[in-house]
Amino acid sequence: MESLLIGSFQKPSLLLSSPITAELCSPPIGVRAGGQVLKCKGSSNTGRIYALSMNLQVERRNLLQLHVKSIGERIVTCNPKRGSRQIANSASGHSLESEPAKSPWRSVQHAFDAFYRFSRPHTVIGTALSIISVSLLAVQKLSDFSPLFFTGVLEAIVAALLMNIYIVGLNQLSDIEIDKVNKPYLPLASGEYSVTTGVAIVSSFAILSFWLGYVVGSWPLFWALSVSFLLGTAYSVNLPLLRWKRFAVIAAMCILSVRAVIVQIAFYLHIQTYVFRRPAVFTKPVIFATAFMSFFSVVIALFKDIPDIAGDKIYGIQSFSVRLGQERVFWICISLLEMAYAVALLVGATTSCIWSKWITVIGHTLLGLLLWDRAKSIDLKSKASITSFYMFIWKLFYAEYLLIPLVR
């Protein structure tokens, strides 16, 4: 770059170094720099020469600016993100090749933002809330809230979140080309992460998850991690007989198995049998949570593909949205959730605990009405509107896990 820059300025420097130019560019004797004549012999000729020299200097400056601009445009063509900053440097006298280093704080912010998007935070929040909620179902008396209980819950959350990031990360590694169409903001699709970086992250998180599960020594926890790992891998990885996400029914069963069955039963047993050392007894709230979340997991499995229909069509993913159409799948999801809320109302109405009855009935009534009101205003032709509604579904998912511990 430096040689290019120097070469670009060779012609102007030759022009300025010629004897005639040097003579013309020198101010005439008796003339100030400001152009006012003090004493001048042969003022007519001398004035013309001096005026010519001034014009040459102006042309020289214009020529230099044109060269700098030309080089700057070539830099922008090669590297649009850095070009403007490099041009500014050149104008201030710095080398065009040098660039001010980003502050460490900005680098940390950028790295955090990329990892935040890579981790799919709505799934992270859902996993953490579900484990806390299900763990509370094992609490029978106030004294159960002991350091042992909180330690057991924390161990389960950390191990599950590590596995969660492995699963969503592996899915992104397998869907880079699809995500360039459906989710171009994800780090692998946008190029912020290389494939090597993605592989390193998912591998290390899977290893850490299994290591923690092994160290804790809870068999329900370890089996939950193992089954989640196997189903998550089979769902995404592009190997013979795998990549089950291509098949709508199998893909939905994978999500249902993890979100509805494994989370409710395995993490409940982790607290019930490993932390509290009690026999495995499946209570009414546990059965309700498993049944209700079966509906919800199917809805999430169906709805998540509605905004991604464009990329799925291009790459041959036969989701229900591709096969049945976005509008039909949308209203199937709404119907399933409203059915789940109706069942929850019946469960709440039949309980003998008064405070649980009121909270369950009122809570699920409000959520059902909120869902119906929001569903009527959606624009199914707008991907932004569909994506916003999908995140609303996740908020209902979070709200349900706040109600589940209150079911008695």
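Start by selecting arginine 120, which counts as buried because its relative accessibility is 15% (buried means under 20% relative accessible area, exposed over 50%, partly exposed in between, with a 1.4 Å probe and protein chains only). Before moving on, note that this is a predicted model, in which local features need pLDDT of at least 70, side-chain atom pairs count only at pLDDT 80 or more, and totals for chains, interfaces and linings use all residues. Residues are numbered from 1 along each chain as its sequence is written, and side-chain values use heavy atoms, leaving out hydrogens and water.

Where does arginine 120 lie? Look in the loop between helix H6 (104-118) and helix H7 (121-136); helices (H or I, at least four residues) are DSSP runs, numbered from the N terminus. Now check the backbone: phi of arginine 120 is near 55°, a positive value in a residue other than glycine. Most residues other than glycine have a negative phi.

Next, select leucine 241, in the loop between helix H12 (219-236) and helix H13 (248-275). Is leucine 241 buried or exposed? Leucine 241 is exposed, because its relative accessible area is 78%. Its phi is near 70°, again a positive value in a residue other than glycine.

For the last stop, go to histidine 364 in helix H18 (residues 354-376). With a relative accessible area of 1%, histidine 364 is buried. Show the residues it touches (heavy atoms within 4.5 Å): leaving aside residues up to four places away in sequence, they are Phe288, Phe292, Tyr341, Ala344, Leu345, Glu400 and Leu403. Finally, find the backbone oxygen of threonine 360, which is 2.8 Å from a polar atom of the histidine 364 side chain.

Conventions
Helices (H or I, at least four residues) and strands (E, at least two) are DSSP runs, numbered from the N terminus. A polar contact is a pair of N or O atoms within 3.5 Å; within protein, one must be able to donate a hydrogen and the other to accept it, and residues adjacent in sequence count only if both atoms are side-chain atoms.
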